[in-house]
Amino acid sequence: LGTQAQQAQAELDKTFFLNFGKRGELKDQIKGLQKTADVKQKAADKLAKAEEKAAGELVKAEGKAAKVGEQAAKIEKEAADKAGKLVGEAEKSAAAASKKVEAEAAKLIKTAEAKAKALVK
C-alpha cells in the first residue's frame, strides 16, 4: 500500500493543477489507501497485543504447572516414605510373630519328644 500511495502522490504532483477531476480522483485514491493502511495497522496492533497477552498467560500457566508438578512430587515422596515405614513395621511384626511361632513350635517339639521317650520306656 505504501508504494501505491507514493505512486499516486507522484502522479498527483505531476498532474496539472487545473485538472481538477484527475487531481480529485488521485486525492481520493490516496485517502483510501491511507485508510486501508490505518485499518491494517490497527489490526496488526490488536494482534500484537493479543499475542503479548497470550504469551503472558502461557508463562503464568507454565508457572502454575511447575508448582503443581512440585507439589505432586512432594506428595509422591511423602507417600513413598510412609509406605516404606509401613512395610518396615510390617516386616518387624512378621519377624516377631515368626520368632514367637518358632519358639512355641520348639516347645511343642520338646514336649512331644519327651512324651515319646516316656512312652518308649
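This is a predicted model: local features need pLDDT of at least 70, side-chain atom pairs count only at pLDDT 80 or more; totals for chains, interfaces and linings use all residues.
Within H1, the residues Ala5, Ala8 and Leu12 are buried; seen down the axis of the helix, the buried residues fall within an arc of 65°, so they line one face of H1. An α-helix has 3.6 residues a turn, so residues three or four places apart point the same way. The face of H1 that is turned away from the buried side carries Thr3, Gln6, Gln7, Asp13 and Lys14, which are exposed.

The partner against which the buried residues of H1 pack is helix H2 (20-120). The two axes, those of H1 and H2, come within 9 Å and cross at roughly 160°; since angles over 145 degrees count as roughly antiparallel, H1 and H2 are therefore roughly antiparallel to each other. The crossing of H1 and H2 is left-handed. On the H1 side the contact is made by Gln4, Ala5, Ala8, Gln9, Glu11 and Leu12, and on the H2 side by Lys22, Arg23, Leu26, Lys27, Gln29, Ile30 and Leu33.

Isoleucine 30, which lies in H2, has a relative accessibility of 9% and therefore counts as buried, the cut-off being under 20%. When residues up to four places away in sequence are not counted, isoleucine 30 touches Ala5, Ala8, Gln9 and Leu12. The C-alpha atom of isoleucine 30 is separated by 99 Å from that of serine 98, the two residues being 68 residues apart along the chain.

Definitions and conventions
Residues are numbered from 1 along each chain as its sequence is written. Side-chain values use heavy atoms; hydrogens and water are left out. Buried means under 20% relative accessible area, exposed over 50%, partly exposed in between (1.4 Å probe, protein chains only). Helices (H or I, at least four residues) and strands (E, at least two) are DSSP runs, numbered from the N terminus. The arc is that of the directions from the helix axis to the C-beta atoms. Contact means heavy atoms within 4.5 Å. Axes are lines fitted to C-alpha atoms, for helices over the stretch in contact, and angles run from 0 to 180 degrees between N-to-C directions. Angles under 35 degrees count as roughly parallel, over 145 as roughly antiparallel, 65 to 115 as roughly perpendicular and the rest as oblique. A crossing is left-handed if the near helix is turned anticlockwise from the far one by less than a right angle, and right-handed if clockwise.
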